Amino acid sequence: TAPLLVDLQDGEIISNESADIIRMLNEFDEPAGSSAATVDLYPAELAAAIDETNAWTYELVNNGVYRCGFATQQAAYEAAERDVHAGLRRCEEALAGSRFLCGSRVSEADVRLLPTVVRFDGVYAPFFRCGRYQVRSDYPRLQRWCGEMLRLTGPGLFDLDDARRGYYRDLFPLNPGGIVPAGPSPADLGWPSGGEAVAERDE
């Protein structure tokens, strides 16, 4: 799936680049009368750190898993697989001294990394052949961060079973038989339950 931001009044496509869309949505003002708390994912004092983190997490992790999965030569695959785990180790190191990737608050860097980490053990590790190490067993700080991010987002944001079906059935060249493996489930991965998510977000 690819994101698409559309101007419904003019019927024009604004962007289909997720990085641009996240930045645009962050700059939107809350509607008048809204009681929602304002969250700035790209504060000026963290902008340089966020940009730097976005660059290496995209190259090594977010794009790295796809370079693994779609590699057509052994050397390219091995280089991509090394990159993926170099990136995950770097995330682990970044989280050693802070709650989130760029400090004590959620930032754009966390939001951009989350979809890949959420899908890693359940989809990318087995399907794209980059599961030499897994988040739930080999990257404890990243596992902690993932659980905290999921509690903050609330229940139902990610449907792991739907993602698994999509990858294994739609990417025919990588899985000609269309067989979808069983598990792991969100519980297997240590994801917080819906009740935990709501309680954490309301605190």
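**Note on helix packing, salt bridges and backbone exceptions**

1. The axes of helix α2 (residues 47–62) and helix α4 cross at roughly 145° and come within 7 Å. On the α2 side, the contact is made by Glu52, Trp56, Thr57, Leu60 and Val61. Helix α4 contributes Asp83, Val84, Ala86, Gly87, Leu88, Arg90 and Cys91. By class, this contact of α2 with α4 has 7 nonpolar, 2 polar and 3 charged residues. Please keep in mind that this is a predicted model.

2. Next, the charged pairs. Side chains of opposite charge can pair when their charged atoms come close. The count here comes to 12 salt bridges.

3. How exposed is aspartate 83? Aspartate 83 is partly exposed, with a relative accessible area of 23%. Arginine 67 is partly exposed at 26%.

4. Aspartate 121 and arginine 136 form a salt bridge, and their closest N and O atoms are 3.2 Å apart. Aspartate 121 lies in helix α5 (residues 108–127) and arginine 136 in helix α6 (residues 135–138), so the pair ties together parts that are 15 residues apart in sequence. Is aspartate 121 buried or exposed? Aspartate 121 is buried, with a relative accessible area of 6%.

5. Arginine 144 and glutamate 148 belong to helix α7 (residues 140–153). Their side chains meet in a salt bridge, with 3.3 Å from N to O. Why are the two separated by about one helical turn? Because they are 4 residues apart in that helix. Arginine 144 is partly exposed at 32% relative accessibility. Glutamate 148 counts as buried, at 9%. Elsewhere, salt bridges that share partners join Arg23, Asp51 and Glu108 into one network.

6. Now the loops. Glycine 11 is found in the loop between β1 (5–7) and β2 (12–15). Is glycine 11 buried or exposed? Glycine 11 is exposed, with a relative accessible area of 60%. The C-alpha atoms of glycine 11 and glutamate 52 are separated by 34 Å. Along the chain, these residues are 41 apart.

7. Two backbone features deserve a look. Most residues other than glycine have a negative phi, and most peptide bonds are trans. Arginine 129 has a positive phi of about 60°, although it is not a glycine. Arginine 129 lies in the loop between α5 and α6. At 38% relative accessibility, arginine 129 counts as partly exposed.

8. Which form does the peptide bond from glycine 183 to proline 184 take? This bond is cis, with omega near 0°. Proline 184 is in the loop between α8 (160–170) and α9 (194–202).

Methods: Residues numbered from 1 in each chain as written. Predicted model: local features only at pLDDT ≥ 70, side-chain atom pairs only at ≥ 80, totals over all residues. Heavy atoms only, no water. Salt bridge = Lys/Arg side-chain N within 4 Å of Asp/Glu carboxyl O. Buried < 20%, exposed > 50% of the residue type's maximum accessible area, 1.4 Å probe, protein only. Axes fitted to C-alpha atoms, helices over the stretch in contact; angles between N-to-C directions. Contact = heavy atoms within 4.5 Å. Nonpolar A, V, L, I, M, F, W, Y, C, P; charged D, E, K, R; others polar.
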